[in-house]
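Here are my notes on the rings in this one, for you to read alongside the model. Could you go through them point by point?

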Amino acid sequence: MFVLGYQNGAVLHINNPAGSNPSPRVRVRVRVVPLRALYAHRGVTEKKPSNVVRNKPKRKICTAEELHYVAVPNSDWRLALWRYLPSPAAPQRNHPLLLLSGIGTNAIGYDLSPEYSFARYMSGQGFDTWILEVRGAGLSAHRVEFGEDSTIASANAKSTVGTTLSRESQSKSQLMETVMQSSQRLSGLLNEGEEPDAPQFFDLQERLSTSLEDFQKQLDLIVKNDWDFDHYLEEDVPAVMEYIRTLSKPKDGKLLAVGHSMGGILLYAMLSRCGFEGKDSGFASVTTLASSLDYRPSNSLLRLLLPLSDPIQALNVPVIPLGTFLAAIHPFASSPPYVLSWLKFLISAPDMMHPELFEKLIFSNFGNIPTKLISQLTTVFQEGGLCDRSGTFFYKDHIGKTNVPVLALAADQDLICPTEAVYETVKLIPEHLVSFKVFGEPRGPHYAHYDLVGSRLAAYQVYPCIIEFLTRHDMT
């Protein structure tokens, strides 16, 4: 195992051929600025531009200054975008910044509290900062949740809002109609031999009604969670990038992007696909936090989930309630006799996250994960690494064709995406484009998976490193 990045906040550049051991090449000094000083002059005010739609019951959850919804073409999804406006006292930036979260998480992980907010740090440095909540996450909503007459703020709203239901919704409606008609015929047949007020009849009607309601809930659950990684890659992220470009209007049409965990995997996959197709990715630079396209060289504890993948699919379970599971086990991990205390280290290293923020992360940041998504992501442990849903395109094979600068950060005690896994992707990127750093010191402090975006030291060690990289590649 190798560990880089103990040189007082230096960014370590890769200077080695693929497959060889990494070696430091360049040191970059980063000025550490306390987070409070960056936006202490700013109050979080409510701005209500005419093109922003808010769902009032949910609006209390959003801590950003603006909440936007983006319609995804040819789907029933409206994606939530949390926007943090750049500080007027900060340097003027040329590119907006897009933040992508991990699997089964929402925007809260990037904005746990004002003092430790990744998003507010970035906006405090002058970046027009947007957090995407992909379909099924956070405040992103399905058509039935909005209602047919809702007006959605979107760059392509004219072509997507008010259209007919998607094929999935049509199939669901047709199936429900068939079931309802069958149940009515069944009730009619039974009614022929019973008096209308017979107890058996009303008991059957009640049971049938309850069963239909349960069936409707199952259909809703299946339809709303019927997607995989490639849906994010091919539909959600491109729609949001176009929307941000329309509002922020960067001169060169490019965005800066930061992705944590699966968010970083999405960015790698986009660079790979665009490199293969010879297309412009639309990014001025990409920063990944604890992400990789191939986990095989590491001892990631996610391997423990692999034996569960096939049985879950065989049972036709549409979704895994990650948020409910974490909330249920939290007392066993944080209270005596601490029988599941080791699970805490999957998220944060000891003493790196304030207890109240850790609880907020557990109870507010995680949601459901579709089994189709899990199934595709498990390919990171197979030969060739992550592949598309067809099993024919391996993203790792083409990441080396990118022309976008990449900063890859890892955590020294990350049990989910260990440093070996991060480096497995980093070594394939052209050396003049990639910078690699591992956070954590031999004698502490140590960093775990979520400490890169929400720990008590991140604002002093991690965020300035990212700002230096973003600033360098923000020039047009």
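1. Start with the charges. K344 lies over the face of F358, 5.5 Å from the ring centre. A charge counts as sitting over a ring if NZ of Lys or CZ of Arg is within 6 Å of the ring centre and within 35 degrees of the ring normal. R273 does this too: it lies over the face of F393, at 3.9 Å from the ring centre.

2. A quick word on what you're looking at: this is a predicted model, where local features need pLDDT of at least 70 and side-chain atom pairs count only at pLDDT 80 or more, while totals for chains, interfaces and linings use all residues. Residues are numbered from 1 along each chain as its sequence is written, and side-chain values use heavy atoms, with hydrogens and water left out.

3. Now ring on ring. There are twelve aromatic pairs in the structure (Phe, Tyr or Trp rings, the six-membered one for Trp, with centres within 6.5 Å; planes under 30 degrees apart are stacked, over 60 edge-to-face, the rest tilted). One of them is F118 with Y463, edge-to-face at 5.0 Å centre to centre and 85 degrees between the planes. This pair links distant parts of the chain, 345 residues apart: F118 is in helix α3 (residues 118–124) and Y463 in helix α16 (residues 458–472). Helices here are DSSP runs of H or I, at least four residues, numbered from the N terminus.

4. Buried or exposed? F118 counts as buried because its relative accessibility is 0%, and Y463, at 1%, is buried as well. (Buried is under 20% relative accessible area, exposed over 50%, partly exposed in between, with a 1.4 Å probe and protein chains only.)

5. Ring pairs also join F118 and Y463 with Y110 and Y121 into a cluster.

Note on methods:
Helices (H or I, at least four residues) and strands (E, at least two) are DSSP runs, numbered from the N terminus.
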